[in-house]
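This report goes through one structure part by part. Keep the sequence and the 3D view at hand while reading.

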Amino acid sequence: MSHLSVIVTDGSAVALEVKAVVADWATAGLVGESAWVCPGDVTLTNGPPQVVATVVGPGGSHRADLFQVIGIRRLDTVRLVVAQFIVTGDDQARELPELGRTLEGLLTSSLPRPMDDGGPGTALRTYNVLIPVSGVSGVTVDALLPGWNANAVVAAEDRPDLDRASIFVRAGANYTGHAAAAVASVAAMWPGIDRGGLDFQETDSTVQDTAVAVVRQTVRAIVHSNDAQDLADAVCASIVIDPTTPARTVNWARPAPEPGGVVDAVFAETMATGDWVVRVPAARPAPTRVQRGFRAAFRDAALFNAQLFAAAFRVLAGRGRRVVENAATGAIIGHDGDQVVRFRPSSIDEIVRRNRAFFETQSGEMREKMLVAEGGSVAAPNPLTWANLRRSCFGLVDGSELAGSYEVPEIAGKPQLLSPSSVVPDPHDRFITSGRVEIRACDAPLAVASMGELKAAVAASVAQAPAADGDADAAEAAEAQAEAALALAKDEVAALEQWIQARRGSLAWRVSDSLATRTEGRLREAATSYASATATTQPAVEAVQRALRHVITAWGVLGVGVVVFSAALWYWPYRQDHMSASDLVKTIEWMLIIALALGVFFNHVYYKAVRHFEWQVQHELARRRETAERFVVANREARRLQLLGSAFNEWAEIIGSVLHRPWNAQPAGVHGPALETLTHLPAAVAVAVPPDKVLEVSPVVRARAIEVLTSRGWANRAFDSGVDAYEAHVRLAREGGHLSADLDTLTSPTSPRGLLWDFFYAGRAAEYATSRARTRIEMALAQGELELPPRAVRRTGEYTDGATVSDVAYFGGALFPAIQFVDDIWTGAGLMREKNVPDKSVAWMPSEAGAKRVGSVDHRLATGDVAVRIDLSRRCDVSDLVVFVQDDVVKVHGAVIGVLKDAKGNVFN
């Protein structure tokens with residue numbers, strides 16, 4: 001419940017003294033915040049009057065507009081308390097009731113009224129309190145405020161205990177503290193007390209305008225002690241010192257007997273899912289033979305043969321033309337020039353040139369488009385990559401559900417828990433080499449590289465042992481220096497080996513090492529594939545060229561043979577009349593047929609060589625496309641894994657901060673206000689301190705407190721709470737349902753991930769977590785979930801009896817059965833009507849203070865180390881109280897001599 005009390009006083013010297021005492025108590029933390037108003041603080045304006053209040057609180061006092069002070073808060077209750085300090089009968093401030101009515105009207109019009117259906121609103125409670133000294137009288141009924149929630153008179157009694165004698169309330173002595181305590185009780189200013197002392201009083205139409213109640217307060221506080229905070233700090237410190245404490249202490253889980261097997265399983269599943277998987281290029285189909293019909297294949301071969309006949313004839317015809325072309329080249333350009341003269345270009349090797357051009361075009365496209373453009377593109381990691389990594393790491397330690405399908409085996413129905421070191425090393429445990437290289441807790445590749453450099457340096461130092469020279473002493477000194485340096489180097493290697501060995505089995509270290517190994521493998525594969533895809537070699541054309549030469553040679557031989565044989569037949573058989581003309585023609589025709597058949601055979605040999613060459617071109621292009629695809633995928637994967645690796649160290653250290661240092665380890669120590677600031681304490685306000693400054697907690701209570709702070713899922717909650725604190729004090733951390741740090745691909749310290757890392761690594765998240773841990777322990781104590789053993793305390797100040805008692809007995813003193821109010825505040829009529837008997841007693845007690853109810857005392861829970869007891873009388877008439885009697889004669893200690901008149905003017909004896 002959030003509330004604020006407005007205290008209205010007359011601004012007199014006594015009122016200023018009371019306000020100063022309350023301010024001292026507030027600075028010491030004994031009371032909470034309040035706003036004080038006197039008539040001089042109200043300025044009339046054309047509209048509502050302006051009210052400037054003095055706000056008194058733990059942070060000091062300051063002046064501010066009252067309605068601004070109230071308006072900036074979201075309040076459940078505002079209490080308007082008119083405090084009338086009655087030291088003499090002439091101290092009645094006539095203007096206070098009017099000021100109270102004015103402020104009541106202003107607050108009623110400005111506060112949000114609660115709805116009947118329970119909607120939000122602010123309740124206004126109005127109390128008029130008269131605080132007299134012992135034996136004072138002469139107050140009139142004008143001091144009352146009829147219709148307010150309560151008109152009350154604070155009993156002029158001040159008791160160190162309810163079972164001890166009252167110390168009279170005297171001006172200049174204990175009155176100031178007595179009045180300050182009364183105001184604090186009515187205004188609900190004691191810490192941990194949710195209601196005021198008069199909140200149980202209600203006024204309706206049946207209540208007389210002159211009806212008042214008598215109220216008495218008893219306060220007991222323990223300072224220099226905060227058991228809940230001490231216990232929380234001790235538990236937090238023990239867990240930070242030994243992070244395995246939760247797994248060994250909680251009763252809902254068991255420590256894993258073989259953590260290595262669990263880590264192996266989670267590691268294998270992690271690296272086989274999501275962005276951790278290394279992608280491979282999709283398989284490309286190899287060139288396949290095309291099925292063709294016989295006619296189509298024969299037609300292509302025949303067409304090719306026909307084209308070769310024409311080409312061959314051109315070659316034969318071009319033999320003579322080439323001689324002329326060479327002569328022209330020498331005459332026109334010269335044989336040493338950069339050109340040759342040709343009457344007609346040759347086309348017999350056009351097929352080879354066409355295939356070569358096609359090959360070059362395809363290779364160029366692969367180099368320019370696929371290898372350059374696509375090889376450098378990298379997609380950002382999926383934000384679930386880091387969210388799932390956190391879930392797995394936290395779940396292994398806090399027993400919550402893991403990100404993947406793997407479930408940690410249970411032992412006797414209880415989950416196994418791993419120590420934080422088995423999951424991620426302590427992020428603050430870094431290794432610094434002699435060369436000032438700082439190796440982060442999970443930076444496996446840098447650790448391996450540094451180890452290699454250190455071992456190489458040791459080997460070099462051994463190989464470069466100093467050689468002896470003429471100066472024996474210098475040689476001996478150099479040798480000793482070299483041996484010392486070598487010993488230091490070996491010690492450093494051993495220390496680094498030990499440091500690596502202590503963390504190499506953890507999940508985070510293995511992930512980091514696997515990332516580095518996979519990245520290096522992808523880089524090597526990318527380099528090899530790029531070299532293969534961009535090779536400048538050409539497909540082998542020797543077979544085609546050899547077949548082409550055979551065709552040309554065969555046609556040349558066949559042509560020459562036909563011509564020579566025909567000439568021979570014509571010259572000898574035909575000229576000698578041994579062969580007729582028809583036989584000559586027939587013989588030549590058969591020779592041409594045979595030559596043509598042989599030419600077709602050689603043409604077909606060349607045709608098959610060309611087809612084989614084109615098949616080789618297709619295979620080579622397919623191979624280059626495959627290697628180009630491997631390069632693209634390997635290079636892209638290497639860059640993607642490098643991007644993961646660049647963010648992994650920061651995420652591992654964030655996770656490690658939550659698991660290893662969830663809270664700031666603070667020793668249990670002294671807390672609470674300083675005694676020297678607690679001035680003017682009346683007897684009814686008891687302040688005690690523990691003689692022992694260190695809280696002694698049994699192992700059972702400590703184990704139960706550890707279980708309260710580390711219930712199942714505690715690490716996930718700690719991270720989420722840390723992110724909430726980051727958003728509240730640094731910047732927004734969530735974007736589109738994901739953490740901004742999960743989406744971050746930058747490496748800047750001011751990037752979202754860098755800022756979040758700094759918040760956790762620097763311990764600021766742990767500071768807020770420590771505050772929440774203290775609150776959680778306080779709630780557990782208040783709700784009975786956790787119980788502390790009794791603690792010895794001793795009251796301080798002038799009213800102490802010097803005895804040391806348990807805190808249960810100390811607080812229990814406020815639970816004594818009610819006693820009568822002191823007689824000297826009542827008239828004879830009031831005593832006759834037994835108005836001096838308390839009608840209601842309410843005690844707000846800390847959880848360790850004992851019974852729920854003692855006699856007629858209504859027990860209510862207090863959340864701090866303060867107990868408040870309120871005794872209320874039945875409503876009585878002003879004629880029942882001496883303070884309202886008009887003095888006509890002298891009155892000593894309540895003994896009336898002569899004739900007295902009450903506030904109404906009635907005379908009684």
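Strand S10 and strand S12 (residues 414–417) run parallel and are joined by two bridges. In this pairing, Pro255 stands opposite Leu417 of S12. The model described here is a predicted one.

The sheet is open and has three strands, in the order S10-S12-S11, with mixed pairing. Strand S10 (254–255) and strand S11 (410–411) are its edge strands, and each of them pairs on one side only. As a general point, strands of a sheet pair through backbone hydrogen bonds, in either a parallel or an antiparallel way.

## Helix H7

Helix H7 covers residues 259–271, 13 residues in total. From its first C-alpha to its last it reaches 18 Å, close to the 18 Å expected at 1.5 Å a residue.

Which residues of H7 are buried? They are Val262, Val263, Val266, Phe267, Thr270 and Met271. These residues lie on the same side of H7, because they cover an arc of only 145° around the axis. In general, an α-helix has 3.6 residues a turn, so residues three or four places apart point the same way.

## Nonpolar cores

The largest nonpolar core contains 74 residues. Trp25, Phe85, Ile131, Trp190, Leu198, Leu881 and Phe884 have the most contacts inside this core. A second core is separate and has 49 residues, including Phe648, Val658, Ala715 and Phe760.

## Salt bridges

How many salt bridges are found in the whole structure? The search gives 37. In general, side chains of opposite charge can pair when their charged atoms come close.

One of the salt bridges is between Arg430 and Glu653, at 3.0 Å from N to O. Arg430 is in the loop between helix H11 (420–423) and strand S13 (431–432), while Glu653 is in helix H16 (residues 581–660), so this pair ties together parts that are 223 residues apart in sequence. Glu653 counts as buried, at 1% relative accessibility. A network of salt bridges with shared partners joins Glu157, Arg159, Arg216, Arg869 and Asp871.

Are the two partners buried or partly exposed? Asp275 is buried, with a relative accessible area of 9%, whereas Arg279 counts as partly exposed at 39% relative accessibility.

## Aromatic pairs

There are 16 aromatic pairs in the structure. Among them is the tilted pair of Phe394 and Phe719, with 5.8 Å centre to centre and 45° between the planes. This pair links distant parts of the chain, since Phe394 belongs to helix H10 (residues 383–398) and Phe719 to helix H18 (residues 714–729), 325 residues apart. Phe394 is buried, with a relative accessible area of 1%, and Phe719 counts as buried at 4% relative accessibility.

Phe759 and Tyr768 form a stacked pair, 6.1 Å centre to centre and with 20° between the planes. Phe759 counts as buried at 1% relative accessibility, but Tyr768 counts as partly exposed at 27%. Both pairs belong to one aromatic cluster, made up of Phe394, Phe719, Tyr726, Phe759, Phe760 and Tyr768.

Methods. Residues are numbered from 1 along each chain as its sequence is written. This is a predicted model: local features need pLDDT of at least 70, side-chain atom pairs count only at pLDDT 80 or more; totals for chains, interfaces and linings use all residues. Side-chain values use heavy atoms; hydrogens and water are left out. Two strands pair if DSSP finds at least two bridges between them. Helices (H or I, at least four residues) and strands (E, at least two) are DSSP runs, numbered from the N terminus. The expected span of a helix is 1.5 Å times one less than its number of residues. Buried means under 20% relative accessible area, exposed over 50%, partly exposed in between (1.4 Å probe, protein chains only). The arc is that of the directions from the helix axis to the C-beta atoms. A nonpolar core is a set of buried Ala, Val, Leu, Ile, Met, Phe, Trp, Tyr and Cys residues joined through side-chain atoms within 4.5 Å. A salt bridge is a side-chain nitrogen of Lys or Arg within 4 Å of a carboxyl oxygen of Asp or Glu. Rings of Phe, Tyr and Trp (its six-membered ring) pair if their centres lie within 6.5 Å; planes under 30 degrees apart count as stacked, over 60 as edge-to-face and the rest as tilted.
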